[in-house]
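Below are some notes on the model for your review.

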Amino acid sequence: MRHDHTPDEWTKFLHRHGFTDVHAEIIEPPAGQNPATMLIRATV
């Protein structure tokens, strides 16, 4: 899996830029598959 920022870093970044209720998570791929997916949800 390759992401430039961790879910925690994205959460902090979005909070600093005015987003609220931020949730970031890694969704693992099915067994034997790549890559994982990062899902980020936020409201303005």
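1. A salt bridge here is a side-chain nitrogen of Lys or Arg within 4 Å of a carboxyl oxygen of Asp or Glu. The model is a predicted one, and a search of the whole structure finds 2 salt bridges.

2. One of them joins Asp 8 to Lys 12, with the closest N and O atoms 3.1 Å apart. Both residues belong to helix H1, which covers residues 7-16. Their spacing is 4 residues, about one turn of the helix. Asp 8 is partly exposed at 45% relative accessibility, and Lys 12 is partly exposed at 46%.

3. The pair Arg 41 and Glu 25 forms a salt bridge as well, its closest N and O atoms lying 2.5 Å apart. Arg 41 is in strand S2 and Glu 25 in strand S1, so the contact ties together parts 16 residues apart in sequence. Relative accessibility is 45% for Arg 41, which counts as partly exposed. Glu 25 is also partly exposed, at 34%.

4. Which residues does the cis peptide bond join? The bond lies between Asn 34 and Pro 35, with omega at about -10°. Pro 35 sits in the loop between strand S1 (20-27) and strand S2 (37-43). Please look at this loop in the display.

5. Asp 21 has a positive phi, near 45°, although the residue is not glycine.

Key: Residues are numbered from 1 along each chain as its sequence is written. This is a predicted model: local features need pLDDT of at least 70, side-chain atom pairs count only at pLDDT 80 or more; totals for chains, interfaces and linings use all residues. Side-chain values use heavy atoms; hydrogens and water are left out. Helices (H or I, at least four residues) and strands (E, at least two) are DSSP runs, numbered from the N terminus. Buried means under 20% relative accessible area, exposed over 50%, partly exposed in between (1.4 Å probe, protein chains only).
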